[in-house]
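Please read the following briefing alongside the sequence and the structure. It takes up the ligand site, and then a few individual residues.

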Amino acid sequence: MRIDIYTIFTPIFESPLREGLLGKAVRGGVLDVRVHDIRDHAEGKHRQVDDAPFGGGPGMVLKPEPVFAAVTSTLGYGMDELEKLKEKVRVIMLTPRGRRMDQAVVAELAAQPHIALICGRYEGVDERVTEHLCTDALSVGDYVLSGGEFAALVVVEAVTRLVPGVIGNEESLVEESFSRGLLEYPQYTRPAEYRGWRVPDVLTSGDHEAVERWRRERAEEFTRMKQPGPSLPGGGDDTR
Ligand code: ADE
């Protein structure tokens with residue numbers, strides 16, 4: 001799977017893409033991640049990427065030209081080929097105003113051969129980018145980050161786990177399909193007793209059926225307890 005990331009803070013992505021499962025997926029070639037500096041595509045001596053908002057107000061807004069230039073040129077499309085580009089690549093703006101990400105959205109993205117993630121910054125991004133360059137707007141939760149970089153990393157991390165060949169552990173995949181739609185059951189390891197806190201007896205009983213039953217029940221209980229509800233004043237919904 002290919003993922004192109006557009007940002008004005010490329011160093012943020014260095015260690016997350018080098019370590020752990022992501023690093024392994026990148027090195028193994030299962031994941032082709034390319035991080036692009038939007039500033040490299042800005043015009044003029046100062047390579048200005050932002051400007052004051054029309055209508056006044058605080059802060060700066062990311063200009064449209066360098067973002068359009070960055071995405072089209074690095075993906076090999078002309079400015080008159082935006083529709084063709086959008087047919088081939090899911091171009092996603094990270095914004096708290098986007099569709100709220102959940103595991104179903106993650107699965108949908110993991111099935112794409114190629115996605116592009118645009119990290120907003122400052123007080124915003126010129127709306128014409130979202131309107132004419134992007135196919136989607138995505139939020140990682142109902143809270144506001146200073147920019148889309150950490151949101152993009154959340155998307156990459158969640159999506160990568162579902163890309164075939166990444167987890168590489170059949171047990172995990174079987175387990176995942178078994179518990180689809182459920183949260184994880186609690187896990188314990190040695191020692192069986194720590195500071196007087198004992199591991200549930202069923203887990204050390206050797207009775208595999210009882211263990212399976214107990215895990216399923218705990219997973220259902222956790223899932224019931226954590227059902228997402230409206231988290232915003234006035235009620236959150238999926239379209240924000
Ligand atoms: N940028 C700022 N806040 C964000 C959020 N919650 N999700 C995605 N992108 C963002």
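**Ligand site and selected residues**

The shell around the ligand is made up of eight nonpolar residues, four polar residues and no charged ones. This is a predicted model, and the points below are grouped by topic.

**The shell around the ligand**

- The residues that surround the ligand are Leu94, Thr95, Pro96, Leu138, Ser139, Val140, Gly141, Tyr143, Val144, Leu145, Gly147 and Ala151.
- The space that the ligand takes up is the second largest pocket.
- Two elements, β5 (90-100) and β8 (136-139), each give two or more residues to the shell around the ligand, and β5 gives the most, with three residues.

**Polar contacts and burial of the ligand**

- A backbone N or O atom of Tyr143 lies 2.8 Å from a nitrogen atom of the ligand, while a backbone N or O atom of Val140 lies 3.0 Å from a nitrogen atom of the ligand.
- Leu145 also takes part through its backbone, with a polar atom 3.0 Å from a nitrogen atom of the ligand.
- Taken alone, the ligand exposes 260 Å², of which the protein buries 96%.

- Thr7 belongs to strand β1 (residues 2-7), and it counts as buried because its relative accessibility is 0%, under the cut-off of 20%.
- The side chains of Thr7 and Glu149 are joined by a polar contact of 2.6 Å.
- Arg161 is found in the loop between α6 (149-160) and α7 (170-178), where its relative accessibility of 30% makes it partly exposed.
- Although Arg161 and Ala110 are 51 residues apart along the chain, their C-alpha atoms are separated by 8.6 Å.

**Backbone geometry**

- Most residues other than glycine have a negative phi, and most peptide bonds are trans.
- Arg47, which is not a glycine, has a positive phi of about 45 degrees; Arg47 lies in the loop between β2 (32-37) and β3 (50-51) and, at 37% relative accessibility, counts as partly exposed.
- Arg195, likewise not a glycine, has a positive phi of about 50 degrees; its place is in the loop between β9 and β10 (197-198), and Arg195 counts as exposed because its relative accessibility is 65%, over the cut-off of 50%.
- The peptide bond from Arg190 to Pro191 is cis, with omega near 5 degrees, and Pro191 is placed in the loop between α7 and β9 (193-194).

Conventions. Residues are numbered from 1 along each chain as its sequence is written. This is a predicted model: local features need pLDDT of at least 70, side-chain atom pairs count only at pLDDT 80 or more; totals for chains, interfaces and linings use all residues. Side-chain values use heavy atoms; hydrogens and water are left out. A residue is near a molecule or strand if one of its heavy atoms lies within 4 Å of it. A polar contact is a pair of N or O atoms within 3.5 Å; within protein, one must be able to donate a hydrogen and the other to accept it, and residues adjacent in sequence count only if both atoms are side-chain atoms. Accessible areas come from the Shrake-Rupley method with a 1.4 Å probe; for residues, only the protein chains shown count as cover. On a 1 Å grid over the protein atoms alone, a cavity is a set of points where a 1.4 Å probe fits but cannot get out, and a pocket is an open set with protein on both sides within 12 Å along at least five of seven lines; lining residues have an atom within 4 Å of a point. A molecule sits in a cavity or pocket if more than half of its atoms lie within 2 Å of its grid points. Helices (H or I, at least four residues) and strands (E, at least two) are DSSP runs, numbered from the N terminus. Ala, Val, Leu, Ile, Met, Phe, Trp, Tyr, Cys and Pro count as nonpolar, Asp, Glu, Lys and Arg as charged, and the others, Gly among them, as polar. Buried means under 20% relative accessible area, exposed over 50%, partly exposed in between (1.4 Å probe, protein chains only).
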